[in-house]
Amino acid sequence: MLVLDNITRRFGDRLALDDVSLSVPDGRMVGFVGANGAGKTTTMRIALGVLAADSGTVTFRGQVPDLALRRRFGYMPEERGLYPKGRLLEQLVFLARLHGVDRGVAAKRGQDLLDRLGLGERANDKLESLSLGNQQRVQVAASLVHDPELLVLDEPFSGLDPLAVDAMADLLREKTAAGVGVLFSSHQLDLVDRLCDDLVILHAGRVVAAGEPEKLRRERGGSRYELVTDADLDWVRDVAGVRLAERREHGVVLELLDTHADLDQKILAEAVRRGPVRSFAPLLPTLSELFQEVSR
Ligand SMILES: Nc1ncnc2c1ncn2[C@@H]1O[C@H](COP(=O)(O)OP(=O)(O)OP(=O)(O)O)[C@@H](O)[C@H]1O
(Lines give C-alpha, C1' and ligand atoms only; values in the text may rest on other atoms or scores of the structure.)
Protein backbone atom coordinates (compact mmCIF):
# COMPACT_ATOMS: atom_id res chain seq x y z
CA MET A 1 0.00 0.00 0.00
CA LEU A 2 1.17 3.50 -0.82
CA VAL A 3 0.38 5.91 2.00
CA LEU A 4 0.60 9.69 1.93
CA ASP A 5 0.27 11.23 5.36
CA ASN A 6 -0.40 14.90 6.03
CA ILE A 7 1.43 16.18 2.97
CA THR A 8 1.80 19.94 2.72
CA ARG A 9 3.49 21.78 -0.14
CA ARG A 10 3.80 25.47 -0.94
CA PHE A 11 4.95 27.20 -4.11
CA GLY A 12 5.94 30.65 -2.86
CA ASP A 13 2.83 32.09 -1.19
CA ARG A 14 0.53 29.52 -2.74
CA LEU A 15 -0.46 26.58 -0.58
CA ALA A 16 -0.77 23.88 -3.26
CA LEU A 17 -1.34 20.94 -0.89
CA ASP A 18 -2.83 21.40 2.54
CA ASP A 19 -2.51 18.35 4.77
CA VAL A 20 -3.24 15.75 2.11
CA SER A 21 -3.56 12.14 3.25
CA LEU A 22 -4.53 9.27 0.98
CA SER A 23 -3.70 5.66 0.38
CA VAL A 24 -3.48 3.32 -2.58
CA PRO A 25 -3.87 -0.28 -1.36
CA ASP A 26 -2.25 -3.10 -3.33
CA GLY A 27 -4.66 -4.39 -5.95
CA ARG A 28 -6.97 -1.37 -5.86
CA MET A 29 -7.66 1.15 -8.57
CA VAL A 30 -7.87 4.61 -7.02
CA GLY A 31 -9.37 7.43 -9.08
CA PHE A 32 -8.00 10.87 -8.29
CA VAL A 33 -10.21 13.79 -9.29
CA GLY A 34 -10.22 17.53 -8.75
CA ALA A 35 -10.65 20.73 -10.71
CA ASN A 36 -7.74 22.24 -12.65
CA GLY A 37 -5.13 23.38 -10.17
CA ALA A 38 -6.56 21.34 -7.28
CA GLY A 39 -3.15 19.73 -6.72
CA LYS A 40 -3.37 16.26 -8.30
CA THR A 41 -0.13 16.45 -10.27
CA THR A 42 1.71 17.93 -7.29
CA THR A 43 0.46 15.07 -5.11
CA MET A 44 1.54 12.47 -7.66
CA ARG A 45 4.98 14.02 -8.04
CA ILE A 46 5.45 13.93 -4.29
CA ALA A 47 4.24 10.32 -4.13
CA LEU A 48 6.87 9.40 -6.71
CA GLY A 49 9.64 11.39 -5.05
CA VAL A 50 10.03 13.66 -8.09
CA LEU A 51 9.11 16.61 -5.88
CA ALA A 52 9.70 17.07 -2.15
CA ALA A 53 6.93 17.82 0.33
CA ASP A 54 7.34 20.65 2.85
CA SER A 55 5.97 18.32 5.49
CA GLY A 56 4.31 14.94 5.76
CA THR A 57 5.43 11.46 4.82
CA VAL A 58 5.19 9.00 1.94
CA THR A 59 5.55 5.26 2.54
CA PHE A 60 5.15 2.19 0.35
CA ARG A 61 4.51 -1.08 2.17
CA GLY A 62 5.71 0.62 5.33
CA GLN A 63 9.02 1.92 3.93
CA VAL A 64 10.03 5.44 2.96
CA PRO A 65 10.83 4.97 -0.74
CA ASP A 66 14.52 5.19 -1.66
CA LEU A 67 15.83 5.05 -5.20
CA ALA A 68 15.74 1.24 -5.36
CA LEU A 69 12.14 1.12 -4.19
CA ARG A 70 11.09 3.92 -6.55
CA ARG A 71 12.42 1.91 -9.47
CA ARG A 72 9.62 -0.54 -8.75
CA PHE A 73 7.02 2.19 -9.33
CA GLY A 74 5.55 3.02 -12.73
CA TYR A 75 4.85 6.67 -13.44
CA MET A 76 3.17 8.37 -16.33
CA PRO A 77 3.93 12.07 -15.81
CA GLU A 78 1.71 14.90 -16.98
CA GLU A 79 4.45 16.23 -19.25
CA ARG A 80 4.90 12.69 -20.65
CA GLY A 81 8.44 11.46 -21.00
CA LEU A 82 9.19 9.89 -24.32
CA TYR A 83 11.29 11.32 -27.15
CA PRO A 84 9.25 12.35 -30.21
CA LYS A 85 12.01 11.16 -32.52
CA GLY A 86 12.59 7.83 -30.77
CA ARG A 87 11.20 4.56 -32.13
CA LEU A 88 8.46 2.98 -30.01
CA LEU A 89 10.00 -0.36 -29.11
CA GLU A 90 13.52 1.03 -28.73
CA GLN A 91 12.29 3.56 -26.20
CA LEU A 92 10.35 0.98 -24.23
CA VAL A 93 13.35 -1.33 -24.11
CA PHE A 94 15.60 1.55 -23.07
CA LEU A 95 13.27 2.48 -20.20
CA ALA A 96 12.94 -1.11 -19.03
CA ARG A 97 16.73 -1.46 -19.11
CA LEU A 98 17.02 1.67 -16.94
CA HIS A 99 14.89 -0.17 -14.43
CA GLY A 100 17.24 -3.12 -14.51
CA VAL A 101 15.24 -5.41 -16.81
CA ASP A 102 17.18 -7.86 -18.95
CA ARG A 103 17.28 -6.90 -22.67
CA GLY A 104 15.50 -9.99 -23.96
CA VAL A 105 12.72 -9.69 -21.38
CA ALA A 106 12.42 -5.96 -22.07
CA ALA A 107 12.04 -6.52 -25.82
CA LYS A 108 9.38 -9.16 -25.34
CA ARG A 109 7.46 -7.12 -22.80
CA GLY A 110 7.67 -3.98 -24.92
CA GLN A 111 6.36 -5.80 -27.99
CA ASP A 112 3.58 -7.48 -25.96
CA LEU A 113 2.46 -4.15 -24.59
CA LEU A 114 2.43 -2.55 -28.03
CA ASP A 115 0.44 -5.51 -29.34
CA ARG A 116 -2.06 -5.19 -26.51
CA LEU A 117 -2.51 -1.52 -27.24
CA GLY A 118 -2.98 -2.10 -30.97
CA LEU A 119 0.42 -0.70 -31.96
CA GLY A 120 2.36 -3.90 -32.56
CA GLU A 121 2.87 -3.14 -36.23
CA ARG A 122 4.24 0.31 -35.47
CA ALA A 123 6.96 -0.89 -33.10
CA ASN A 124 9.72 0.54 -35.29
CA ASP A 125 8.00 3.84 -36.09
CA LYS A 126 8.97 7.12 -34.51
CA LEU A 127 6.70 8.34 -31.73
CA GLU A 128 6.06 11.66 -33.50
CA SER A 129 4.60 9.84 -36.52
CA LEU A 130 1.69 8.58 -34.39
CA SER A 131 -1.59 10.37 -33.70
CA LEU A 132 -1.79 12.02 -30.27
CA GLY A 133 -4.04 9.29 -28.90
CA ASN A 134 -1.64 6.59 -30.07
CA GLN A 135 1.29 8.48 -28.56
CA GLN A 136 -0.65 8.46 -25.33
CA ARG A 137 -0.97 4.66 -25.49
CA VAL A 138 2.81 4.38 -25.83
CA GLN A 139 3.28 6.67 -22.82
CA VAL A 140 1.18 4.28 -20.75
CA ALA A 141 3.15 1.32 -22.09
CA ALA A 142 6.31 3.11 -20.93
CA SER A 143 5.04 3.21 -17.36
CA LEU A 144 4.31 -0.54 -17.46
CA VAL A 145 7.30 -2.01 -19.24
CA HIS A 146 9.34 -2.76 -16.11
CA ASP A 147 6.39 -4.59 -14.53
CA PRO A 148 5.97 -2.15 -11.62
CA GLU A 149 4.40 -2.90 -8.25
CA LEU A 150 2.65 0.46 -8.07
CA LEU A 151 1.31 2.63 -10.88
CA VAL A 152 0.83 6.39 -10.69
CA LEU A 153 -0.73 7.72 -13.88
CA ASP A 154 -1.42 11.38 -14.55
CA GLU A 155 -4.47 11.51 -16.83
CA PRO A 156 -3.77 8.26 -18.68
CA PHE A 157 -7.14 8.33 -20.46
CA SER A 158 -7.12 11.87 -21.81
CA GLY A 159 -7.38 11.97 -25.57
CA LEU A 160 -8.13 8.25 -26.00
CA ASP A 161 -11.02 6.97 -28.10
CA PRO A 162 -13.54 4.66 -26.39
CA LEU A 163 -11.89 1.49 -27.71
CA ALA A 164 -8.48 2.59 -26.50
CA VAL A 165 -10.02 3.47 -23.13
CA ASP A 166 -11.36 -0.07 -22.87
CA ALA A 167 -8.04 -1.63 -23.89
CA MET A 168 -6.23 0.50 -21.33
CA ALA A 169 -8.80 -0.21 -18.65
CA ASP A 170 -8.47 -3.96 -19.25
CA LEU A 171 -4.71 -3.71 -18.99
CA LEU A 172 -4.92 -1.80 -15.71
CA ARG A 173 -7.50 -4.24 -14.35
CA GLU A 174 -5.07 -7.07 -15.05
CA LYS A 175 -2.47 -5.20 -13.07
CA THR A 176 -4.72 -4.68 -10.07
CA ALA A 177 -5.77 -8.34 -10.23
CA ALA A 178 -2.07 -9.17 -9.92
CA GLY A 179 -1.84 -7.00 -6.78
CA VAL A 180 -0.57 -3.72 -8.25
CA GLY A 181 -2.04 -0.56 -6.74
CA VAL A 182 -3.05 2.05 -9.31
CA LEU A 183 -3.55 5.77 -8.70
CA PHE A 184 -4.84 7.60 -11.76
CA SER A 185 -6.07 11.13 -12.22
CA SER A 186 -8.81 12.05 -14.65
CA HIS A 187 -11.36 14.70 -15.46
CA GLN A 188 -13.65 12.10 -17.08
CA LEU A 189 -15.92 11.44 -14.14
CA ASP A 190 -18.07 8.80 -15.83
CA LEU A 191 -14.93 6.87 -16.61
CA VAL A 192 -13.59 7.22 -13.09
CA ASP A 193 -16.95 6.04 -11.80
CA ARG A 194 -16.81 2.97 -14.01
CA LEU A 195 -13.22 2.04 -13.25
CA CYS A 196 -12.20 2.96 -9.77
CA ASP A 197 -12.51 0.92 -6.60
CA ASP A 198 -11.78 3.95 -4.46
CA LEU A 199 -12.09 7.62 -5.13
CA VAL A 200 -10.18 10.62 -3.80
CA ILE A 201 -11.57 14.09 -4.49
CA LEU A 202 -9.19 16.98 -4.08
CA HIS A 203 -10.38 20.57 -3.85
CA ALA A 204 -8.00 23.52 -3.53
CA GLY A 205 -5.24 21.33 -2.14
CA ARG A 206 -7.39 19.44 0.37
CA VAL A 207 -8.95 15.99 0.28
CA VAL A 208 -12.68 16.68 0.52
CA ALA A 209 -13.97 13.13 0.00
CA ALA A 210 -12.37 9.69 -0.10
CA GLY A 211 -13.60 6.12 -0.17
CA GLU A 212 -15.64 3.74 -2.27
CA PRO A 213 -17.79 5.75 -4.71
CA GLU A 214 -20.98 3.87 -3.84
CA LYS A 215 -20.44 4.48 -0.14
CA LEU A 216 -19.72 8.18 -0.68
CA ARG A 217 -22.92 8.45 -2.70
CA ARG A 218 -24.99 6.82 -0.02
CA GLU A 219 -23.50 9.01 2.69
CA ARG A 220 -24.33 12.16 0.78
CA GLY A 221 -27.50 11.19 -0.98
CA GLY A 222 -29.71 9.76 1.75
CA SER A 223 -32.33 12.47 1.73
CA ARG A 224 -33.68 12.36 -1.87
CA TYR A 225 -36.20 9.74 -2.96
CA GLU A 226 -37.94 9.02 -6.19
CA LEU A 227 -41.55 7.89 -5.97
CA VAL A 228 -43.01 6.40 -9.15
CA THR A 229 -46.75 5.85 -9.36
CA ASP A 230 -49.62 6.59 -11.73
CA ALA A 231 -51.81 7.73 -8.83
CA ASP A 232 -52.32 11.37 -8.00
CA LEU A 233 -49.44 12.88 -6.05
CA ASP A 234 -50.70 16.28 -5.00
CA TRP A 235 -50.91 15.09 -1.39
CA VAL A 236 -47.10 15.01 -1.03
CA ARG A 237 -47.04 18.79 -0.88
CA ASP A 238 -48.82 18.67 2.46
CA VAL A 239 -46.56 16.16 4.18
CA ALA A 240 -44.57 17.88 6.93
CA GLY A 241 -40.78 17.56 6.57
CA VAL A 242 -40.92 16.85 2.83
CA ARG A 243 -40.02 19.13 -0.07
CA LEU A 244 -41.21 18.42 -3.58
CA ALA A 245 -37.91 18.73 -5.48
CA GLU A 246 -39.09 17.73 -8.95
CA ARG A 247 -42.16 16.49 -10.78
CA ARG A 248 -41.57 13.71 -13.31
CA GLU A 249 -43.91 12.15 -15.84
CA HIS A 250 -44.91 9.27 -13.58
CA GLY A 251 -43.79 10.46 -10.21
CA VAL A 252 -41.89 12.89 -8.10
CA VAL A 253 -38.53 13.45 -6.51
CA LEU A 254 -38.88 14.25 -2.84
CA GLU A 255 -36.37 15.68 -0.45
CA LEU A 256 -36.83 14.48 3.09
CA LEU A 257 -35.90 17.40 5.28
CA ASP A 258 -36.44 15.29 8.35
CA THR A 259 -34.61 11.98 7.91
CA HIS A 260 -35.48 10.38 11.23
CA ALA A 261 -38.78 8.89 12.42
CA ASP A 262 -39.41 6.60 9.46
CA LEU A 263 -40.64 9.44 7.29
CA ASP A 264 -39.75 7.44 4.19
CA GLN A 265 -41.89 4.51 5.39
CA LYS A 266 -44.81 6.83 6.12
CA ILE A 267 -44.65 8.29 2.62
CA LEU A 268 -44.49 4.83 1.09
CA ALA A 269 -47.47 3.63 3.12
CA GLU A 270 -49.52 6.67 2.13
CA ALA A 271 -48.57 6.27 -1.55
CA VAL A 272 -49.57 2.58 -1.51
CA ARG A 273 -52.90 3.51 0.09
CA ARG A 274 -53.62 5.85 -2.83
CA GLY A 275 -52.67 3.52 -5.66
CA PRO A 276 -50.10 1.04 -6.95
CA VAL A 277 -46.51 2.17 -6.36
CA ARG A 278 -44.11 1.18 -9.12
CA SER A 279 -40.98 2.15 -7.24
CA PHE A 280 -39.82 4.11 -4.26
CA ALA A 281 -36.09 4.37 -3.68
CA PRO A 282 -33.37 6.71 -2.47
CA LEU A 283 -31.92 8.71 -5.31
CA LEU A 284 -28.14 8.62 -5.09
CA PRO A 285 -26.16 11.49 -6.56
CA THR A 286 -24.08 10.86 -9.68
CA LEU A 287 -20.34 11.20 -9.30
CA SER A 288 -20.60 14.50 -11.10
CA GLU A 289 -23.18 15.79 -8.58
CA LEU A 290 -21.09 14.50 -5.70
CA PHE A 291 -18.03 16.19 -7.15
CA GLN A 292 -19.84 19.50 -7.50
CA GLU A 293 -21.19 19.31 -4.00
CA VAL A 294 -17.81 18.75 -2.33
CA SER A 295 -15.90 21.12 -4.63
CA ARG A 296 -17.77 24.27 -3.69
N1 LIG B 1 6.36 24.19 -10.15
C2 LIG B 1 5.38 25.00 -9.72
N3 LIG B 1 5.60 26.28 -9.42
C4 LIG B 1 4.62 27.09 -8.95
N5 LIG B 1 3.35 26.70 -8.77
C6 LIG B 1 3.05 25.42 -9.06
C7 LIG B 1 4.05 24.51 -9.56
N8 LIG B 1 3.44 23.30 -9.75
C9 LIG B 1 2.15 23.48 -9.40
N10 LIG B 1 1.92 24.73 -8.98
C11 LIG B 1 0.63 25.27 -8.50
O12 LIG B 1 0.09 24.35 -7.57
C13 LIG B 1 -1.31 24.22 -7.74
C14 LIG B 1 -1.66 22.77 -8.02
O15 LIG B 1 -1.23 22.43 -9.34
P16 LIG B 1 -1.33 20.95 -9.93
O17 LIG B 1 -0.65 20.96 -11.25
O18 LIG B 1 -0.86 19.98 -8.92
O19 LIG B 1 -2.91 20.79 -10.12
P20 LIG B 1 -3.73 19.67 -10.89
O21 LIG B 1 -4.84 19.26 -9.99
O22 LIG B 1 -2.84 18.62 -11.38
O23 LIG B 1 -4.35 20.49 -12.12
P24 LIG B 1 -4.75 20.03 -13.63
O25 LIG B 1 -6.03 19.27 -13.51
O26 LIG B 1 -4.96 21.35 -14.31
O27 LIG B 1 -3.62 19.25 -14.18
C28 LIG B 1 -1.70 25.18 -8.86
O29 LIG B 1 -2.14 26.38 -8.28
C30 LIG B 1 -0.39 25.36 -9.61
O31 LIG B 1 -0.37 26.61 -10.24
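## Helix pair α8 and α10

The axes of helix α8 (residues 213-221) and helix α10 (residues 287-294) come within 11 Å and cross at roughly 60°. Axes here are lines fitted to C-alpha atoms over the stretch in contact, with angles from 0 to 180 degrees between N-to-C directions. The crossing of α8 and α10 is left-handed (near helix turned anticlockwise from the far one by less than a right angle).

From α8, Pro213, Leu216, Arg217 and Arg220 meet Leu287, Leu290 and Glu293 of α10 (contact: C-beta atoms, placed from the backbone, within 7 Å). By class, this contact has four nonpolar, no polar and three charged residues.

## Model and conventions

This is a predicted model: local features need pLDDT of at least 70, side-chain atom pairs count only at pLDDT 80 or more, and totals for chains, interfaces and linings use all residues. Residues are numbered from 1 along each chain as its sequence is written. Helices (H or I, at least four residues) and strands (E, at least two) are DSSP runs, numbered from the N terminus.

## Domains

The domain assignment gives domain 1 (2-213) and domain 2 (218-295). Their centres, taken over C-alpha atoms, are separated by 41 Å. The contact takes ten residues from domain 1 and five residues from domain 2. On the domain 1 side, α7 (189-195), β8 (198-203) and β9 (206-211) each give two or more residues. The largest share, three residues, comes from α7.

## Ligand shell

The residues around the ligand include Phe11, Arg14, Lys40, Thr41 and Thr42 (C-beta atom, placed from the backbone, within 6 Å). β2 (14-24) and α1 (40-48) each supply at least two residues. The largest share, three residues, comes from α1.

Notes. Contact = placed C-beta atoms within 7 Å. Nonpolar A, V, L, I, M, F, W, Y, C, P; charged D, E, K, R; others polar. Domains from an automatic or database assignment.
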